[in-house]
Amino acid sequence: MIPTQLEELKFCRVKKKTKKPFEKEWTKKPYSYKDILNFLPSENYGVLCGYEDLAVIDSDHETLQLAIDNLLPDTYKVKTPSGGTHNYFFIPELKQKLILDLDNTHLGEVQSHGTQVVGPGSIHPNGKKYEEINNLPVTKISCEKLYEVVKPFMKEIKESEELAKLEIGMSSEIDDLDVTQIWNASGLKKQGNEYYGEHPVHGSDGGMNFWINPLKNTWHCFRCNSGGGPLSAIAVKEGLIECSEAQRGNLRGEKALQSIKIAEEKYGLKNERPLTKKERHPLPETPVVPKKEIPLLWDKELQEWEETEQDWIIDRLIPNRSIVVLTGKRGTLKTFMTLSMAYSVAGEIDFLDNFKSRKGTVIYLDKENGISIMKKRTTMIKNGLNMNGKDLKVGFICFSQLKIDKLGDIHQIEELITKHTPSLLIIDTYRRGISFDENDAGKVSELFVDILRPLVEKHNISIVLIHHNRKGGTGEVPDEMDEIRGSSDLANYSDIIFKLERKGEFAILKQLKNRNAPEETDMKIKVTFTEDSVKLSYDGEYEKQTQSGKCSEILLKWFYEKQIEQFKTKDARDIAFKAGIKETNFKWCLKEMQDVGAIEKMEFGIYKVNNNKEVFNKGIGN
Ligand SMILES: [Zn+2]
C-alpha cells in the first residue's frame, strides 16, 4: 500500500478524497510506517516533510518540471491527479518551504518543515489516484544544488533584489557599498558568482539559509524570507531591525536615516571614492589558452593572400610578434644589450646607432639582478645613449617571483600587458622565469605552444628571453646551437636566436636562427665603458675568423701575457702549433701581422713586437 521507498519516513492522517490532514498539531504527531498502515486503505495519508530531511518539490508547471528532470538527479516521483508531480529528495540543510513562480505564474513549491504531501495510492478529491511515476529510491541532494536549480523561480529572491533597488532610492550612493563588505563573505561558500552559508546574525540550523549575490549587490535570508541591499544589511547587522523585518516597507524613517549614517561613518561611504561595482568585481579575463578550433585557410583565401612586409620593432633584428632568445656565456653583456634594446625602443632611437626602432613601451621582468644593480645598469646605459634624465616607458619588475609557465602568474603578467600595451617583454632570465626543469622537452613545448605563442599573437608583442650558454667548452663547437642550455625545443620553438660573444672591447652578435629570413651576418659591436656609462655601437660586419686570424689572436695574447718585445719565429711557431695552427696559416698570419704593423721583421727569424694598444686591438678585432 505504501511504497517501500517511503518506509523510513513519517506520516500523518488525511481523510479519503481530501488533501488536508485533519488531526490537531499533525506536524508534531508523526506516525511511523507501521502505525499509519492501521488506517489504510479507508483513509488517505500524508508524507511529512522535514522529518528524515525529506523535501518534496511539488511541481505544477512544465517549466519547473523541465528544470527538475534535467538539472537534478533522478529520484522517486509521483504523479498527482491534478496534473502535477511530487519529486522526493533528501535535502539535509533545507529548513523552510520555498514558493516558486515565474513572472507571476505559480510553478509550485518546495515542501519542507511543517508541510506534507499526499502519498501515492491516496485518492484525490477528483476521484483519481496519486500514482507512482517510477520505482526509484529517494535521492539525497545538497541545498546549494536545489537553490542552483530553483533560484530563478524563487519569488523571495526577486523581492530582495527589488528591495535593493528601493534602497538606492533612499541613498543614491548606497550601491557603492558592497554587501560582501558588510556581511563578511569569507565564511561563506562560493558558488559561481554567489555565496551561500549560515546567516551571520541569527545563524542557521542546517548551515545553508543565507545567500549573497555581489553582482546584484543583494542578500537574502531563506529562513526569514527577507533581504535587500547594503542598507538593510547594515540595519540588520547593527541590530536596528530584525532579519525577518528586512522586508518591503519596514526600513524607513528614523531607522533608514540611522542606517545611512552608519554607512557613512562605519563603512566609509562618501569618505573616499568607493570602488565601482566593476572594480570590485572585475569580469574574469579569458586566460591564455590555445584556440580550440583550427582555422581553415580555404583555397581562395590562400590564393588571395599577400605576404605583408615584415613589421619590425627593431629593424632587421626584432620582428613584431616574435619570440627571441638572446644567449651567451656569463659576462657577455647580455643584460646591457637588452637594456640598450629596451631604451632604444622606448626612446625611439637607433639601436646600436644603426638599427631603426619603432617607439613602444617595454616591460622588463628582472629575475636576476634586483633594484640596486638594475638602477646602476640602466643609468649607465641611459648615459651612453644620452638619455639621462628622460622619463621613458620602460617598466621593471625587479627580483620578480613570477613564473611564466604558471597560469596564475602569466595571468598577472597578461593583466599588465593589457594595461600598458608594451611592444616588448624582456625576461631576464628564461631559466629563472620557469618553474620546470629546462631539459624537460614536454614542458618547454607547452610553454611555447600554450602560453608564449598565444600571448604574442593576442597582444601583438615580442618576447625576448635572456638565456645562458652551457658552462665550459672553450674549444670550437661544431654547432653553436648545441651550446644553448636545456632542451633543444627552446631553439626549435623560438623565432630568432642571437648569441653574444665577447672579444676584447668588442661584442659579437651572431644570429644563429631566423625563422623567416636568412640569418644576418655576424655583427661587431664596439663596447665603450666609462665609470658611469656604457655605450654599445654597431661597428660593421664581423668577418668570420680565419685560421690565420685565430693564430694572430693567439700570438697577440702571448705577447701581452709574457710582455714579449722580441721573439724568434721558432718560439712563435711552437705556440701556434700547440693550438693546432698549420704551417701555412702560421706563415700567412706573420705576414698579416706585419701588414697591420703589429710586428716588424728585425732580421732572419727574429721579429719585434709593436706594443701599441691601437694595433693590439685591431689585431684582436680581426
Ligand atoms: Zn533571517
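Reader: Which residue in β10 is the bridge partner of F89?
Author: The model is predicted, so to speak of local features a pLDDT of at least 70 is needed, side-chain atom pairs count only at pLDDT 80 or more, and totals for chains, interfaces and linings use all residues. Residues are numbered from 1 along each chain as its sequence is written. Strands (E, at least two residues) and helices (H or I, at least four) are DSSP runs numbered from the N terminus, and two strands pair if DSSP finds at least two bridges between them. Strand β5 runs parallel to β10 (residues 139-140), to which two bridges join it, and the partner of F89 there is T139.

Reader: Which residue in β5 stands opposite D58?
Author: Strand β3, made of residues 54-59, runs antiparallel to β5, and six bridges join the two. In this pairing, the residue of β5 that stands opposite D58 is H86.

Reader: What is the phi of G83 in the turn of the hairpin that β4 and β5 form?
Author: Strands β4 and β5 run antiparallel and are joined by three bridges, with N87 of β5 as the bridge partner of K77. G83 belongs to the loop between β4 (77-79) and β5 (85-90). Five residues separate the two strands of this hairpin, and the phi of G83 is positive, at about 100°.

Reader: Is G83 buried or exposed?
Author: A residue is buried if 20 or more other C-beta atoms, placed from the backbone, lie within 10 Å of its own, exposed if 12 or fewer, and partly exposed in between. Strand β5 is mostly covered, with five of its six residues buried. G83, with 10 other C-beta atoms within 10 Å, is exposed.

Reader: Which strands stand at the edges of the open sheet of nine strands?
Author: The sheet has mixed pairing, and its order is β20-β19-β21-β22-β18-β23-β24-β25-β26. One side of each edge strand is left without a neighbour in the sheet, because each has a single partner strand, and these two are β20 (394-397) and β26 (534-541).

Reader: What angle does the direction of helix α11 make with that of β26?
Author: Angles run from 0 to 180 degrees between N-to-C directions, and axes are lines fitted to C-alpha atoms, for helices over the stretch in contact. Contact here means that the C-beta atoms of two residues, placed from the backbone, lie within 7 Å. Helix α11 (residues 371-384) packs on the sheet and touches β19 (362-366), β20 and β26, and its direction makes with that of β26 an angle of about 55°.

Reader: Which residue in β22 stands opposite V325?
Author: Strands β18 (residues 323-328) and β22 (residues 462-468) pair in the parallel sense, over six bridges. The residue of β22 opposite V325 is L465.

Reader: At what angle do the axes of helix α4 and helix α6 cross?
Author: In the contact between these helices, L163, E167 and M170 of α4 meet P230, L231 and S232 of α6. The axes of α4 (residues 155-170) and α6 (residues 230-237) come within 7 Å, and the angle at which they cross is roughly 90°.

Reader: Is L352 buried or exposed?
Author: L352 is found in the loop between α10 (334-347) and β19, and its phi is near 60°, a positive value in a residue other than glycine. D353 has a positive phi of about 60° as well, but with 15 C-beta neighbours inside 10 Å it counts as partly exposed. L352 has 21 other C-beta atoms within 10 Å and is buried.
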